[in-house]
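Dear colleague,

I am passing on the structure we talked about, and I would ask you to keep it open on your screen while you read the notes that follow it.

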Amino acid sequence: MRKKIIAGNWKMNLTHSEGISLFSEIVNMVKDEKNGNQTVVICPPFIHINSLVQLSNGIVKIGAQNCHEALNGAFTGEISAKMIQSTGAEFVIIGHSERRQYFNESDELLTKKTISALQNNLTPLFCIGESLEQRNNGTYFEVLKNQLKALTAHLDATDFTKVVIAYEPIWAIGTGLTASAAQAQEVHAFIRSTLAEAYGEEIANQTSILYGGSCNAQNAAELFAQKDIDGGLIGGASLKSRDFTDIVKAFNF
Ligand code: PEP
């Protein structure tokens with residue numbers, strides 16, 4: 001059975017004390033709503049991670065939003081997968097469109113980061129997604145296939161089974177525009193068939209594929225009811241405990 005995952009991405013928001021208080025609320029609320037099949041994850045800024053791990057009580061898992069590809073060294077300002085893992089965090093977002101766009105992270109670099117995450121026992125939440133222009137000019141399947149292939153060409157099947165894919169259409173991130181359930185399902189099925197070409201049906205069917213892009217308490221249930229959608233990567237709505245918990249609740253089946 002595929003893992004159902006709801007992951008919150010706090011991005012560069014909240015002071016340390018604000019983060020602790022929001023996280024405490026989320027843990028309290030989610031513990032009554034989540035069922036045994038769901039994995040709930042919060043990805044805060046790096047400086048919050050250690051404190052939140054201590055407060056998580058195993059109810060909500062912790063992830064980072066990025067990692068460096070090297071284990072350690074003279075890379076001022078960077079954080080490695082090994083360092084993240086040493087805090088007790090279990091996940092790391094890799095290839096978010098904001099990293100690809102604002103920090104020029106290439107497919108090649110993202111593959112290196114994914115490999116480092118896996119070597120350090122972190123679960124990569126590997127993001128792919130098309131721009132509005134690519135959606136409108138009909139090249140989005142090709143774009144997504146290329147983003148996936150850049151990764152799958154370098155990972156063997158055993159390693160790939162530890163990766164979670166997040167489909168995040170860039171035009172839907174933080175814009176209030178959501179892919180319709182049918183649009184999201186179409187792409188998720190396409191991702192799964194592309195993974196089947198790379199690793200076979202069995203592994204493709206075991207891979208959790210999350211949807212991200214203005215997912216909220218109102219649209220979550222319809223999105224999560226789609227056959228190939230295994231959860232969500234949630235930005236804005238993860239900054240409000242009620243909204244985030246309602247999204248977890250929408251997937252409680
Ligand atoms: C994200 O950035 O991962 C995201 C999905 O953001 P939002 O939910 O705010 O669109």
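Predicted model: local features only at pLDDT ≥ 70, side-chain atom pairs only at ≥ 80, totals over all residues.

A polar atom of the Ser 116 side chain lies 3.4 Å from the backbone oxygen of Glu 69.

The loops on either side of this helix deserve a careful look. In the loop between helix H4 (97-102) and helix H5 (107-119) you will find Asn 104, which has a positive phi of about 50° even though it is not a glycine. In the loop between H5 and E5 there is Asn 121, which is not a glycine either and has a positive phi of about 60°. These values are worth noting because most residues other than glycine have a negative phi. Asn 104 has a relative accessible area of 64% and is therefore exposed, since that word is used for values over 50%; Asn 121, with a relative accessible area of 62%, is exposed as well.

Let me turn next to the strands. Strand E4 (residues 91-94) is covered on both of its faces, with the buried residues Phe 91 and Ile 93 on one side and the buried residues Val 92 and Ile 94 on the other. This arrangement can be read with a general rule in mind, namely that the side chains of a regular strand alternate between the two faces of the sheet. Strand E3 (residues 61-64) pairs with E4 in the parallel sense over 2 bridges, and Gly 63 is the residue that stands opposite Phe 91. Between these two strands the chain passes through helix H3 (residues 81-86), and the β-α-β crossover made in this way is right-handed. E4 also runs parallel to strand E5 (residues 123-128), to which it is joined by 4 bridges, and in E5 the bridge partner of Phe 91 is Thr 123.

Finally, there is the ligand, which is surrounded by 14 residues, the closest of them being Lys 11, His 96, Glu 168, Gly 174 and Ser 214. The residues of this shell divide into 4 nonpolar, 8 polar and 2 charged. Gly 174 takes part through its backbone, where an N or O atom lies 2.7 Å from an oxygen atom of the ligand. Taken alone, the ligand would expose 290 Å², and the protein buries 95% of that area.

Note on methods
Residues numbered from 1 in each chain as written. Heavy atoms only, no water. Near = heavy atom within 4 Å. Polar contact = N/O pair within 3.5 Å; in protein donor to acceptor, adjacent residues only side chain to side chain. Areas by Shrake-Rupley, 256 points an atom, 1.4 Å probe, with all protein chains shown as cover. Nonpolar A, V, L, I, M, F, W, Y, C, P; charged D, E, K, R; others polar. Buried < 20%, exposed > 50% of the residue type's maximum accessible area, 1.4 Å probe, protein only. Pairing = 2+ DSSP bridges. Right-handed = clockwise from strand over helix to strand, strands pointing away.
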